[in-house]
Amino acid sequence: MPLTANDPTRQSWLEVPKNSDFPIQNIPFGVFLTRDDIITIGTRIGNTAIDLGALHQLGYFKGIELTDDIFLQDTLNDFIADGRKTWRLVRNRISDIFLKDNPELRDNTEHKERVLFTMNEIEMQLPVDVGDYTDFYASKEHATNVGSLFRDPENALLPNWLHIPIGYHGRSSSIIPSGTPVRRPNGQTKPGENGTPGFGPSKLLDFELEMAFITTASNALGRRIPIKEADEHIFGLVLLNDWSARDIQAWEYVPLGPFLGKNFASTISPWIVTLDALHDFKVSGPKQDPEPLPYLKQGEKKNYDINLEASIKPEGGKETVVCRSNFKYMYWSMVQQLAHHTINGCNVRSGDMMGSGTISGPTPDSYGSMLELSWKGTKPVQLSDGSSRKFIEDGDTVILRGYCQNDKVRIGFGDCAGKVLPARKI
Ligand code: MN
């Protein structure tokens, strides 16, 4: 099926500001509360939110096989479970409805009143009910930096790293949409000289610049997803800030890996940008040496050129960009991660979320966490207000952004932001 919605010459009758993340070529999917407090599935063009539930009720999806209530839900899980053919039909149809020359909705004032909202009339919710959340560790630069900081710069990568996409099972209950404040966690930390563990608010609160992909209902238990088919099972991507308390993490992580240092909050951007919308931004990933096992061989161009950045905004202050990275640096691609995740027969469901792991690039200004940017606190990061940070302080807002751009079109993700509040007293 042609991706007609991707045609860069298309223009909408809705206004799209210059450098908007959401031109008519994007058509992301999200869930929001309307001005009437009704929850609905929607999309966005420019700074206009579009109620897909209302559009469907008004008959604009005629001819596409959809249940009556598919968009009148508080999550996208069922729509995602309908599969790639349906996503494409719906995305192409939305594009047609808002095409400059199409008068059908453009000239119907009554319908427009029911369907269109300004961004400040709505409140974005989590787009999916995430059943399971897995976080990978797929950036070679990040894994090398962490290995150098905590173990041995000469043997920074552990022997398994170049052979398997390393990951762990995260926790989905604390995934929150952009804009939700993040409470600094309390926890245990490494014992000092007296041998008793420390306890209290984390002193080393960090962000992790990541992306995450959302899957469809894919494989039955016991069956794998072959790598050649893996991208059919990926609905789209969001930005992910995998907040991390480094001091809690350092004490608890042996031998089973991350736990309370990670699962107190994970912020995602609320619009899922479809893999289809990113189609024209496919690039080759880093050369893989040694060659992966056959079930992980992916052929050509399975990475995506997505510019990424992280900013810190102190309370009442101005933002400073502290990191510029790119999703294309990922050593293990999304299809490799999904093929690996299911090679043992583990089943993946609609709305599951797979984090990439921190996405660090090759240069020190492209490292995707304060741990790396401040090199474990030895090189404070300067902010534009004259202050500096080793880690994240109370009142700081961390904002992740991401976008693809070529000479014709820009496809972005909007903000993934969270403000840190002081720890609760125990
Ligand atoms: Mn992570």
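D242 is buried, at 1% relative accessibility. Buried here means under 20% relative accessible area, exposed means over 50%, and partly exposed is in between, with a 1.4 Å probe and protein chains only. This is a predicted model: local features need pLDDT of at least 70, side-chain atom pairs count only at pLDDT 80 or more, and totals for chains, interfaces and linings use all residues. Residues are numbered from 1 along each chain as its sequence is written, and side-chain values use heavy atoms, with hydrogens and water left out.

Now the metal. Which residues coordinate the manganese ion? They are D135 (OD), E208 (OE), E210 (OE) and D242 (OD), at 2.1 to 2.2 Å. Along the chain, the donors follow the spacing D-x72-E-x1-E-x31-D. E208 and D242 link distant parts of the chain, 34 residues apart. E208 sits in the loop between strand 12 (205-206) and strand 13 (209-215). D242 sits in the loop between strand 14 (234-241) and strand 15 (244-245). E208 counts as buried too, at 3% relative accessibility. On terms: donors are N, O and S atoms within 2.8 Å of the metal (3.2 Å for Na, K and Ca), and water is not among the atoms, so sites may look incomplete. Helices (H or I, at least four residues) and strands (E, at least two) are DSSP runs, numbered from the N terminus.

Next, salt bridges. The structure holds 19 of them. The criterion is a side-chain nitrogen of Lys or Arg within 4 Å of a carboxyl oxygen of Asp or Glu. R35 and E121 meet in one, 3.0 Å from N to O. That pair is 86 residues apart. R35 is in the loop between strand 1 (30-33) and strand 2 (39-45), and E121 is in the loop between strand 4 (116-118) and strand 5 (123-124). R35 is partly exposed at 39%. E121 is partly exposed at 29%.

Buried or exposed: what about D396 and R389? Both are buried. Their side chains form a salt bridge at 2.7 Å, N to O.

R401 and D415 form another, at 2.9 Å, N to O. R401 is in strand 25 (residues 397-405). D415 is in the loop between strand 26 (410-412) and strand 27 (416-421), and the two are 14 residues apart. R401 is partly exposed, with a relative accessible area of 23%. D415 is partly exposed, at 34%. Then there is a network: salt bridges that share partners join D206, E208, D242, R246 and K262.

On to backbone geometry. The peptide bond from V254 to P255 is cis, with omega near 0 degrees. P255 is in the loop between helix 7 (246-252) and strand 16 (266-268). Another cis bond joins D289 and P290, with omega about 5 degrees. P290 lies in the loop between strand 18 (282-283) and strand 19 (303-304). K301 is also found in the loop between strand 18 and strand 19. K301 has a positive phi of about 40 degrees, although it is not a glycine. K301 is partly exposed, at 44%. I27 has a positive phi as well, near 55 degrees. I27 is in the segment before strand 1, and is buried, with a relative accessible area of 0%.

Last, a distance. How many residues separate T109 and F150 in sequence? They are 41 residues apart, and 62 Å apart in space, C-alpha to C-alpha. T109 lies in helix 5 (residues 109-115). T109 is exposed, at 54%.
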